[in-house]
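Here is a short report on a model.

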Amino acid sequence: MAQLDLRELNATEFPIPAEMQGNVAITSLSKVYNWSRRSSMWPMLFGLACCAIEMIATAAARYDLSRFGMEVMRASPRQSDLMIVSGTVTKKMVVPIVRLYNQMPEPKYVLAMGACASGGGPFKEGYNVVSGIDMFIPVDVYVPGCPPTPQALLYGLIALQKKIDGQSLANLDDVPWYGVGPSEPTPIPILGPDIIDPRQMDLIRRQAQLAAEGKPHTVREIPAPMKVAQVQQVPAKTQPAASAGDDPAKAERLAKREAALASKKEAEGGTAQAVAEAPAPAAAPDAQPKKKFDKQAMLDKIRERKGN
């Protein structure tokens with residue numbers, strides 16, 4: 001595991017005697033929490049293509065992932081917190097990848113290794129290749145290359161550690177797994193004639209309706225990005241009042257939690273209202289009734305032509 005420099009922890013507003021600075025350190029809970037996570041990442045053991053060979057070389061003795069506390073590669077997603085997508089992601093393989101991602105416990109991170117996992121690589125827009133794994137699961141770090149060297153993968157792991165160091169337990173955006181309510185699983189793509197993202201079903205239905213009405217429907221539409229519900233400040237009169245003996249930090253945490261709950265209820269109410277007020281699909285124009293086929297009239301016409 002990475003060594004902890006006590007001199008960095010002594011630079012606080014609380015003075016520490018010089019004779020005790022080598023044995024005592026004052027720090028925050030977020031720093032201890034982040035240091036323990038960044039120094040004990042457990043990657044999930046699987047590979048997809050040629051990038052997996054470089055990942056295997058990184059775990060060998062020459063590069064020694066043990067220096068970062070990442071040498072324990074788990075074959076089970078329920079014991080892993082880092083997914084290294086190493087290689088070309090085909091439309092057939094993206095389904096189990098998303099399923100494995102949903103089985104990983106929080107906190108979890110994703111590292112896209114190589115050009116194929118990051119954006120499709122030389123197979124971009126191919127008939128069987130996904131143009132980037134970030135179209136289906138969130139990616140924290142991208143490692144470019146085709147394939148990237150073990151040194152590049154080590155640099156990506158160090159970048160992930162720096163990202164973890166910057167997280168704070170006081171900010172719910174940094175640690176969403178400690179937010180209000182359970183987290184929603186990522187929708188698993190549907191593999192048919194082509195890969196279908198369940199989050200784009202509304203777009204597919206609209207295009208099918210336009211095709212049925214004879215209107216142009218081949219124009220590509222980019223779905224609007226998912227908007228993160230912003231936490232609104234609760235008015236001062238609704239915030240829990242803290243008495244003189246209460247902890248101010250505890251009162252602040254309670255206020256943030258109440259604000260998050262209010263924002264979540266407001267977002268759910270807005271969604272339900274939008275569904276209820278959604279306009280009904282336009283009725284198709286009245287079509288002309290089809291004429292009934294008259295077999296006897298057709299036979300008479302054929303006889304008349306033969307007689308002429």
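How are H3 and H6 oriented to each other? They are roughly perpendicular (65 to 115 degrees) to each other, because their axes cross at roughly 75°. The axes of H3 (residues 51–58) and H6 (residues 150–165) come within 9 Å. Axes are lines fitted to C-alpha atoms over the stretch in contact, with angles from 0 to 180 degrees between N-to-C directions. Helices (H or I, at least four residues) and strands (E, at least two) are DSSP runs, numbered from the N terminus.

This is a predicted model: local features need pLDDT of at least 70, side-chain atom pairs count only at pLDDT 80 or more, and totals for chains, interfaces and linings use all residues. Residues are numbered from 1 along each chain, and side-chain values use heavy atoms, without hydrogens and water.

Glu 54, Met 55, Ala 57 and Thr 58 of H3 are in contact (heavy atoms within 4.5 Å) with Pro 150, Leu 153 and Leu 154 of H6.

Gln 167 sits in the loop between H6 and strand E4 (190–191).

The structure holds zero disulfides (cysteine sulfur pairs within 2.5 Å).

| Cysteine | Nearest cysteine sulfur | Distance |
|---|---|---|
| Cys 50 | Cys 51 | 5.0 Å |
| Cys 116 | Cys 146 | 5.4 Å |

Cys 116 is buried (under 20%), at 8%.

How values were computed. Parallel < 35°, antiparallel > 145°, perpendicular 65-115°, else oblique. Buried < 20%, exposed > 50% of the residue type's maximum accessible area, 1.4 Å probe, protein only.
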